[in-house]
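Let's read a protein structure together, one feature at a time. Have the picture open while we talk.

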Amino acid sequence: MGHGHPAQHRLPHGRHRTQLGDGLVRAALAGIDPIDGVPITVVTTPQARNSRDYQGRSACQGNSSCIPICPSGAKYDAGVHVRKVQVRTGCTVTRLVPRPGTASPTVVFRDWTTTDRAEEQVNGTHVVVALNAIETPKLWLASNLDNRSDQVGRNLMDHLAEEVVGLFGQPVFPFRGPQSTLSVETFRDGDWRRTTGAFRITLGNDGWGRTEAPAAALDKIMWYPAAKQLKHYGQDLQDRLAHRVTRMMRIGYSTEQLPDPANRVTLSDQRDGLDIPRPKITYKIDDYSKRALAYGHSVARRLWQHLQDTAGAENIDPLQPTLKYNGAGHPMGTTRMGTDRATAVVNADGLSHAHTNLWVVGSSVFPTAGTANPTLTLAALTLRTADKLAATL
Ligand code: SF4
């Protein structure tokens, strides 16, 4: 159950098994004072992962490789539903062509498994574009569809992510479940947002997450890389591994990014192997989001300090923010949703303002980014679109 989740709402699955480390870290942060007046409440993050066998997909096996991919199928991804529909593989849509009257656009595509890759086409009552926040505006622009709002491709957003890493005071045995199931969401909103973006904090169960891969950590402990010799042997090596690898922990933070019309997807002069224009991406990070990163770092540092003071944790990171952030791989925006066709591409149901029976689903319809990972929101919006579309049939 997540922060702000209605207590009376019954979730379809039970809780995931609590990781050893999650329990220890949650207990260690239980008594912390508010930071800058903001309460530190550790909550369980809503998961799109099965905690039990469900509709032919297994329960979470606890292998902690959810990013980039879940090998067991416990984690939801779009492939779950793609496998339920008829898919024509080996084809790439090259453009949509509007038809007169109330008909949806014609879908033109090339089958790249054929020798000549000639254009083919298909017509349907409805067309749903579900190509993510880069390819959806690219197809729209390459098709020269109606863009009177001038919003197609604009407001590309991501979450900027960084983390503070160290060693917990006792073994937490990471890498034995979903990569993160705990978070602090109380910095999603507050007075500081007049000048500084919101952020969320995640407590990782995946060692040092994006800072150092487990194999690299092991290599550092074990090897003189130039000489290709083992540094330590026997009990000494065992002790060093137990001291470090079993206690690795991270506190991550990721920020909202403002919708900036100048951050955008347009068409490149280059074309791909199917003669489709490549996307050209213009993107920069605004100061508002950079200040959120710095503030997130400050809060994460103070959480670490508490773990050092009360739970014997050791910090590894430098004291100052590095601003060596990563993108979170959450592209959003670019076909924004809104009630006014002058400033939005689709309406609240995901239906195009400009074209008949043309729907868009995915995080491209987000008008703002918030702090939360987009999957659950985009899935909820897609279900709403599906209901609205089904009601028209
Ligand atoms: S831990 Fe992650 S990768 Fe492993 S089964 Fe669970 S969801 Fe899938």
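Q: Leaving aside its neighbours within four places in sequence, which residues is L303 in contact with?

A: Contact means heavy atoms within 4.5 Å. By that rule, and with neighbours within four places in sequence left aside, L303 is in contact with L29, I32, I35, I40, I201 and I251. Before we go on: this is a predicted model, where local features need pLDDT of at least 70 and side-chain atom pairs count only at pLDDT 80 or more, while totals for chains, interfaces and linings use all residues. Residues are numbered from 1 along each chain as its sequence is written, and side-chain values use heavy atoms, with hydrogens and water left out.

Q: How many residues does the largest nonpolar core have?

A: In soluble globular proteins, nonpolar side chains tend to be buried together. A nonpolar core is a set of buried Ala, Val, Leu, Ile, Met, Phe, Trp, Tyr and Cys residues joined through side-chain atoms within 4.5 Å. Buried means under 20% relative accessible area, exposed over 50%, and partly exposed in between (1.4 Å probe, protein chains only). Here the largest core has 31 residues, and L29, F187, I201, I251, V299, L303 and L307 have the most contacts inside it. At least two residues of this core come from each of α1 (20-28), β6 (160-167), β7 (180-184), β8 (199-204), β11 (248-255) and α6 (287-311). The largest share, 7 residues, is supplied by α6. These labels follow DSSP runs, with helices (H or I, at least four residues) and strands (E, at least two) numbered from the N terminus. There is also a second, separate core of 19 residues, including V127, L145, M157 and A369.

Q: Is H306 buried or exposed?

A: H306, found in helix α6, counts as buried because its relative accessibility is 16%. Apart from neighbours within four places in sequence, H306 is in contact with A28, L29, G31, I32 and A311. Compare sequence and space too: H306 and R291 are 15 residues apart in sequence and 23 Å apart in space, C-alpha to C-alpha.

Q: Which residues other than glycine have a positive phi?

A: D275 and T334 are two to look at. Phi of D275 is near 65°, and D275 lies in the loop between β12 and β13 (277-282). For T334, phi is about 85°, and its place is in the loop between β15 (326-327) and β16 (358-360). D275 is partly exposed because its relative accessible area is 44%, whereas T334 is buried, with 0%.

Q: Where is P68, and what kind of peptide bond joins I67 and P68?

A: P68 sits in the loop between β1 (42-44) and α2 (79-82). The bond joining I67 and P68 is a cis peptide bond, with omega about 15°.

Q: Which of the residues around the ligand come nearest?

A: A residue is near a molecule if one of its heavy atoms lies within 4 Å of it. Of the 14 residues around the ligand, C60, Q61, N63, C66 and C70 come nearest.
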